[in-house]
Amino acid sequence: MGSDRTEYFKQYHAENRKRRNENNKRNYERNKERISEQARKRYPAKKTEIAKRHAHWYENNKEKVDENNRRWRINNYDKWLSYGRNYWSRRNGDFSYEEWLMLQTEYDNKCAYCGKITKLTIDHVVPISRGGEHDIGNVLPACKSCNSKKNTKLLSEWIPEMELVGLA
Ligand SMILES: [Zn+2]
């Protein structure tokens, strides 16, 4: 008799499972729209959370990532250059990316003002706000710090200031 009961339960559970699955499917179909609506609403919050998690991960793996990026740049120099060029042409129409790279090379990839080797930014020798042009003849590679310290000053105004603090 025992084995009959076992059979019965097996059968019962199998039927029940089938029914449950069908119910789930039906519920899912019925709720699909509502669920995706909720997901859509939740997504922006989720996105910031993902970004936060990614930033956190980057902090912990920075050296590895930077090393990978550096290696990738060396192995894919042409691709890297064309990415740079595309990015460049979206923002700076007036002189070419190559001209800017060449200028940096002329300065040994150092800040033209303090000589620091770091990520270089475009400094307008005569600031745009003072009538300077966005032209290769009017730009120098400068570190972020010098660039923001020089800001809207002319060299003639800034260099005495640098001399005062012993930079020039
Ligand atoms: Zn500098």
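Helices (H or I, at least four residues) and strands (E, at least two) are DSSP runs, numbered from the N terminus. This is a predicted model: local features need pLDDT of at least 70, side-chain atom pairs count only at pLDDT 80 or more, and totals for chains, interfaces and linings use all residues. Residues are numbered from 1 along each chain as its sequence is written.

Reader: How many helices and strands does the chain have, and in what pattern do they follow along the sequence?
Author: The secondary structure comes to five helices and two strands. Read along the sequence, the pattern is α-α-α-β-β-α-α.

Reader: What share of the chain is buried?
Author: A residue is buried if 20 or more other C-beta atoms lie within 10 Å of its own, exposed if 12 or fewer, and partly exposed in between; C-beta atoms are placed from the backbone. The chain has 168 residues, and the buried share of them is 7%.

Reader: Which residue of strand 2 is the bridge partner of Ile122?
Author: Two strands pair if DSSP finds at least two bridges between them. Strand 1 (residues 120-124) and strand 2 are joined by five bridges and run antiparallel. For Ile122, the bridge partner in strand 2 is Pro141.

Reader: Is Cys146 buried or exposed?
Author: Cys146 lies in helix 4 (residues 144-150). Two residues are in contact if their C-beta atoms, placed from the backbone, lie within 7 Å. Leaving out residues up to four places away in sequence, Cys146 touches Cys111, Tyr113 and Cys114. Because 24 other C-beta atoms lie within 10 Å, Cys146 is buried.

Reader: What distance separates the C-alpha atoms of Cys146 and Asp123?
Author: Along the chain, Cys146 and Asp123 are 23 residues apart.

Reader: What is the phi of Asp108, and of Asn109?
Author: Most residues other than glycine have a negative phi, and most peptide bonds are trans. Asp108 lies in the loop between helix 3 (97-106) and strand 1, and Asn109 has its place in the loop between helix 3 and strand 1 as well. Asp108 is not a glycine, yet its phi is positive, about 55°. Asn109 is not a glycine either, and its phi is also positive, about 55°.

Reader: Why does His134 count as partly exposed, and which residues does His134 touch?
Author: His134 lies in the loop between strand 1 and strand 2. His134 has 13 C-beta neighbours inside 10 Å, so it counts as partly exposed. Not counting residues up to four places away in sequence, His134 touches Asp94, His124 and Ile128.
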